Amino acid sequence: MKFGIEFVPNMKYYELEYYVKLAEDSGFEYTWITDHYNNRNVYSMLTILALKTNSIKLGPGVTNPYHISPALTASAIATVNELSNGRAVLGIGAGDKVTFDRIGISWKKPLRRMREAVEIIRALHAGKPVNYDGEIFKFNGARMDFKAGNIPIYIGAQGPKMLQLAAELGDGVLINASHPKDFEAAKENIDAGLDKAGKSRDQFDTVAYASMSVDKDAEKAKNAAKIVVAFIVAGSPDVIFERHGISMDDVNKVREALNNAFTKGDWPGVSKAVTDEMIESFSISGSPDMVIERIRELSKSGVTQVVAGSPIGPDKKKSIKLIGKEIIPA
Ligand SMILES: C[C@H](OP(=O)(O)OC[C@@H](O)[C@@H](O)[C@@H](O)Cn1c2nc(=O)[nH]c(=O)c-2cc2ccc(O)cc21)C(=O)N[C@@H](CCC(=O)N[C@@H](CCC(=O)O)C(=O)O)C(=O)O
């Protein structure tokens with residue numbers, strides 16, 4: 001099993017640098033930096049990380065094919081690859097509607113746009129002049145003037161068609177999920193995409209991009225996961241709740257509690273509304289032994305990389321060290 005770790009660049013560069021170096025020293029192989037317009041620029045932060053680390057692979061987790069051209073994405077990640085001596089990975093997904101609404105981007109044809117963007121980025125990285133007459137992107141002899149190197153492309157995916165696209169075009173898929181049931185459900189679409197491209201499963205990295213919270217005190221860990229789990233619940237489609245046997249009543253209580261938190265600042269109300277089933281279904285939370293057990297179950301469902309996503313634990317620094325000491329070697 002490979003281990004990755006996610007960071008949101010909502011902190012100063014030197015804090016992010018500290019955590020990523022700690023993760024590298026703790027044995028994590030990948031670090032994925034989220035990309036939303038309202039946080040620090042993902043490539044500026046990846047540049048610092050490329051220069052300050054030695055072995056950890058690094059990339060956006062995930063950027064999108066809307067807010068910059070695929071030509072800029074190809075060039076930016078190739079620059080990170082050069083700065084890091086070949087450690088860059090590109091995580092790209094359809095982007096999310098909430099942030100796009102705020103910056104006036106209409107979220108049209110995400111599947112089509114993802115296909116075209118990934119095909120263009122791969123062609124540019126191959127170093128040939130790119131002529132591409134797509135529905136969305138038209139390229140006429142574009143070419144990069146420096147060697148990109150071999151940069152793996154991972155696609156962020158949840159929906160069935162995007163899962164198929166990820167398996168067909170990608171070197172891996174980043175699935176925002178923490179429970180084996182979600183990977184059982186994704187299997188059929190991943191296999192369909194791999195078959196279409198004539199790829200075998202062992203050439204492909206199936207990543208559980210999970211919400212994780214680990215502490216020696218299991219209850220403390222679970223409590224620390226509640227707010228993140230509430231946001232996951234608020235943003236998940238209904239089919240997921242059926243899959244995990246979570247009542248729509250409980251879901252609506254969480255959505256209402258989040259609303260109250262934003263309007264009246266009642267954050268304790270959010271934690272109260274989040275049930276144990278939700279923590280179990282939408283996060284990997286608890287003591288090291290409990291987390292190890294869940295990772296074993298995920299491995300049986302075909303997961304080959306687990307990403308420790310927010311909150312990582314009640315105390316980020318302590319939890320990163322604990323994962324490095326007790327979970328990665330297990
Ligand atoms: C678009 C959506 O695809 P999805 O796989 O569910 O995408 C959801 C998320 O993966 C996507 O929003 C990601 O960008 C979210 N995301 C992040 N999004 C961000 O913006 N920033 C991040 O840092 C980020 C991190 C991240 C990490 C892991 C991960 O899995 C996702 C992450 C969907 O609806 N897919 C449908 C297909 C929809 C469809 O068919 N659309 C048609 C027609 C629709 C039209 O006419 O517009 C088309 O696109 O051509 C499906 O897969 O079945």
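Tyr-66 and Phe-100 are both buried. Here, buried means under 20% relative accessible area, exposed means over 50%, and partly exposed lies in between (1.4 Å probe, protein chains only). This is a predicted model, in which local features need pLDDT of at least 70, side-chain atom pairs count only at pLDDT 80 or more, and totals for chains, interfaces and linings use all residues. Residues are numbered from 1 along each chain as its sequence is written, and side-chain values use heavy atoms, with hydrogens and water left out.

## Aromatic pairs

A pair of aromatic rings is described by the distance of the centres and the angle of the planes. Rings of Phe, Tyr and Trp (its six-membered ring) pair if their centres lie within 6.5 Å. Planes under 30 degrees apart count as stacked, over 60 as edge-to-face, and the rest as tilted. This rule gives 11 aromatic pairs. Why is the pair of Tyr-66 and Phe-100 tilted? The ring centres of Tyr-66 and Phe-100 are 5.1 Å apart and their planes stand at 55°, so the pair is tilted. Tyr-66 is in the loop between β3 (57–60) and α3 (70–83), while Phe-100 is in helix α4 (residues 97–102), so the pair ties together parts that are 34 residues apart in sequence. Helices (H or I, at least four residues) and strands (E, at least two) are DSSP runs, numbered from the N terminus.

Elsewhere, ring pairs join Phe-7, Tyr-18 and Tyr-19 into a cluster. Tyr-19 also has a charge over its ring: the charged end of Lys-316 sits 5.5 Å from the ring centre. Lys-57 lies over the face of Tyr-30, 5.1 Å from the ring centre. A charge sits over a ring if NZ of Lys or CZ of Arg is within 6 Å of the ring centre and within 35 degrees of the ring normal.

## Around the ligand

How many residues surround the ligand? There are 26, and the closest are Gly-95, Lys-109, Leu-111, Gln-158 and Leu-174. A residue is near a molecule or strand if one of its heavy atoms lies within 4 Å of it. By class, the shell holds 11 nonpolar, 9 polar and 6 charged residues. Ala, Val, Leu, Ile, Met, Phe, Trp, Tyr, Cys and Pro count as nonpolar; Asp, Glu, Lys and Arg count as charged; the others, Gly among them, count as polar.

A polar backbone atom of Leu-111 is 2.5 Å from an oxygen atom of the ligand. For Pro-110, a polar backbone atom is 2.9 Å from a ligand oxygen. For Gly-61, a backbone N or O atom lies 3.5 Å from an oxygen atom of the ligand. Taken alone, the ligand exposes 1000 Å², and the protein buries 77% of that. Accessible areas come from the Shrake-Rupley method with a 1.4 Å probe; for residues, only the protein chains shown count as cover. The elements α5 (110–125), α6 (160–169) and β8 (172–175) each give two or more residues to the shell.

Most residues other than glycine have a negative phi, and most peptide bonds are trans. The peptide bond from Gly-61 to Val-62 is cis, with omega near 5°. Val-62 lies in the loop between β3 and α3. Another cis bond runs from Ser-310 to Pro-311, with omega near 5°. Pro-311 is in strand β11 (residues 305–312).

Ile-312 is in strand β11 as well. Its phi is positive, about 70°, although Ile-312 is not a glycine. Ile-312 is buried, at 1% relative accessible area. Asn-85 has a positive phi near 55°. Asn-85 sits in the loop between α3 and β4 (90–92). Is Asn-85 buried or exposed? At 73% relative accessibility, Asn-85 counts as exposed.

Ser-213 belongs to strand β9 (residues 205–214). With 0% relative accessibility, Ser-213 is buried. A polar atom of the Ser-213 side chain lies 2.6 Å from the backbone oxygen of Ala-221. A polar contact is a pair of N or O atoms within 3.5 Å; within protein, one must be able to donate a hydrogen and the other to accept it, and residues adjacent in sequence count only if both atoms are side-chain atoms.

Asp-276 is in helix α12 (residues 276–282). Asp-276 is exposed, at 60% relative accessible area. Leu-258 is in helix α10 (residues 248–264). Leu-258 is buried, at 5% relative accessibility. Leu-258 and Ser-301 are 43 residues apart in sequence and 32 Å apart in space, C-alpha to C-alpha.
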